[in-house]
Amino acid sequence: MSKIGYARVSSREQNLDRQLEALDFASKVFSDKISGQSIERPQLKAMLEYIREGDIVVVTELDRLGRNNKDLTIIMNEIQQKGATLEVLNLPSMNGIEDENLRRLINNLVIELYKYQAEAERKKIKERQQQGIKIAKEKGKFQGGKRKFQENDPRLILAFDLYLKGHTDKEVEEQTGINRRTFRRYRDRLGIHREKNYENSL
């Protein structure tokens with residue numbers, strides 16, 4: 001039996017040190033720097049392939065494994081199918097219960113309750129966000145997402161210049177780094193178009 005740690009942060013800029021320190025007793029630790037909204041995580045997959053019957057997968061918090069009930073259930077099922085169990089450090093410890101089956105049952109029930117609570121809280125947050133947006137719209141204060149480029153952005157100006165000189169959207173993207181779809185959106189919004197007879201001659 002081995003204790004296998006898994007740690008995760010949502011982006012490369014975030015630090016794993018706190019989780020790794022809490023998991024320093026584990027015989028092996030896998031870690032990802034990627035959003036928990038997807039189960040397509042390289043080190044999560046590697047961990048699930050690595051674990052064997054009798055192993056204990058340890059995480060500092062349940063949301064390090066996944067951010068929604070569906071994904072957590074899939075991952076936990078994979079752990080159980082391998083004959084391993086899950087231990088979550090910020091949940092109540094079951095170490096005082098000698099009967100292994102009872103300990104596993106209670107542990108699973110606690111995790112299910114935590115999953116339900118976390119999912120309900122996320123839904124409440126989304127509802128509050130939507131209510132806030134609705135109120136802001138009614139007051140005329142909601143601006144939506146911030147635009148990626150201002151009209152006087154040097155890259156955008158260069159992209160328009162290349163386009164008007166006859167360069168294709170692909171060539172504009174290669175030279176400016178502005179995504180083709182984004183560039184078309186800005187062209188339409190600002191009314192930047194080639195002369196029709198010029199376009200037909202290309």
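Q: In what order do the four strands of the open sheet lie?

A: This is a predicted model, in which local features need pLDDT of at least 70 and side-chain atom pairs count only at pLDDT 80 or more, while totals for chains, interfaces and linings use all residues. Residues are numbered from 1 along each chain as its sequence is written, and side-chain values use heavy atoms, with hydrogens and water left out. Strands are DSSP runs of E with at least two residues, helices are runs of H or I with at least four, both numbered from the N terminus, and two strands pair if DSSP finds at least two bridges between them. The pairing is parallel, and the order is β2-β1-β3-β4.

Q: Which strands are the edge strands?

A: An edge strand pairs on one side only. Six bridges join β1 to β2, and four bridges join β3 to β4. The edge strands are therefore β2 (28–33) and β4.

Q: Which residue of β4 is the bridge partner of V58?

A: Strand β3 (residues 56–59) has both faces covered, with I56 and V58 buried on one side and V57 and V59 buried on the other, where buried means under 20% relative accessible area and exposed over 50%, with partly exposed in between, for a 1.4 Å probe and protein chains only. In β4, the bridge partner of V58 is E87.

Q: What angle does the direction of α2 make with that of β2?

A: Six bridges join β1 to β2, which run parallel, and A7 has S31 as its bridge partner in β2. Helix α2 (residues 42–50) packs on the sheet and touches β1, β2 and β3, contact meaning heavy atoms within 4.5 Å. Axes are lines fitted to C-alpha atoms, for helices over the stretch in contact, and angles run from 0 to 180 degrees between N-to-C directions; on this basis the angle is about 155°.

Q: Within what arc do the buried residues of α3 fall, seen down its axis?

A: In α3, the buried residues are D71, L72, I75, M76 and I79. The arc is that of the directions from the helix axis to the C-beta atoms, and these buried residues line one face of the helix because they fall within an arc of 125°.

Q: Which residues are exposed on the other side of α3?

A: Helix α3 (residues 69–81) belongs, with β3 and β4, to a right-handed β-α-β unit, right-handed meaning that, with the strands pointing away from the viewer, the path from the first strand over the helix to the second runs clockwise. On the other side of α3, the exposed residues are K70 and Q81.

Definitions and conventions:
Expected span 1.5 Å × (residues − 1).
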